[in-house]
Amino acid sequence: MDLQTVLNAMTHAGNKIFELFSFKILMAAVLTLFLHKHFILFMGFILLVFVDCITKWVAISYKFLKEKGVENPSIFACIKGTKTARKAGRINSSTMKERGLGKIAIYVICAFVAGVGDLMMHILNTPTWMVSLVIGYMVVTEVLSVIENLSDAGVDVLDKLIGKLKGRL
């Protein structure tokens with residue numbers, strides 16, 4: 001193989017690498033963002049708060065259906081009943097949205113402060129534990145809220161679980 005063939009192959013490979021370079025950089029940045037642990041934690045909190053909100057709506061729908069004379073509404077009837085409860089003014093999505101966004105903001109602030117505390121502990125060569133404790137507590141609190149909402153929506157089998165979770169908090 002002569003030098004010119006090697007140079008041509010290297011030039012061709014270089015051109016292929018730089019082809020769609022901005023797209024490749026953008027995709028690498030997006031993947032880095034989506035796979036970063038802080039982004040995953042943030043999205044996890046958003047998901048938990050969203051599920052908490054939805055289950056709260058289902059609990060409100062259950063109460064509304066009971067007031068309307070439905071004897072023992074199923075969970076599916078409660079889910080379908082959220083639309084009716086909303087039309088009746090029982091569910092206010094703007095209030096729920098504000099509470100949800102406020103909750104997420106508080107969670108981010110708490111996680112940030114715990115992270116600063118862990119950084120300080122790391123600098124002092126002591127074990128870091130604040131982030132794990134704070135995030136763990138916030139996750140358990142959200143899970144407990146979801147379970148309480150489902151219990152309020154007529155899912156009675158969760159009462160024992162609520163007791164066990166509250167005993168650990």
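Which residue with a positive phi follows helix 3? The legends below, drawn from a predicted model, begin with that residue.

**View 1. Gly-69, after the end of helix 3.** Gly-69 follows helix 3 and has a positive phi, near 100°.

**View 2. Helix 3 along its length, residues 37-67.** Helix 3 has 31 residues, which at 1.5 Å a residue should span 45 Å.

**View 3. The buried residues of helix 3 and the helices they pack against.** Phe-45, Val-49, Asp-52, Cys-53, Thr-55, Val-58, Ala-59, Ser-61, Tyr-62, Phe-64 and Leu-65 are the buried residues of helix 3. Their packing partners are helix 4 (75-87), helix 5 (93-123) and helix 6 (130-152).

View 4. Cys-53 counts as buried because its relative accessibility is 18%, under the 20% cut-off. With a disulfide requiring sulfur atoms within 2.5 Å, the count comes to 0 disulfides.

**View 5. Helix 6 and helix 7, the elements with the highest and lowest mean pLDDT.** Helix 6 has the highest mean pLDDT among the elements of the chain, 92. Helix 7 (residues 159-168) has the lowest, 76. The chain averages a pLDDT of 86, and 98% of the residues score at least 70.

Methods:
Residues numbered from 1 in each chain as written. Predicted model: local features only at pLDDT ≥ 70, side-chain atom pairs only at ≥ 80, totals over all residues. Heavy atoms only, no water. Helix = DSSP H or I, 4+ residues; strand = E, 2+ residues; numbered from the N terminus. Expected span 1.5 Å × (residues − 1). Buried < 20%, exposed > 50% of the residue type's maximum accessible area, 1.4 Å probe, protein only. Contact = heavy atoms within 4.5 Å. pLDDT = per-residue confidence, 0-100.
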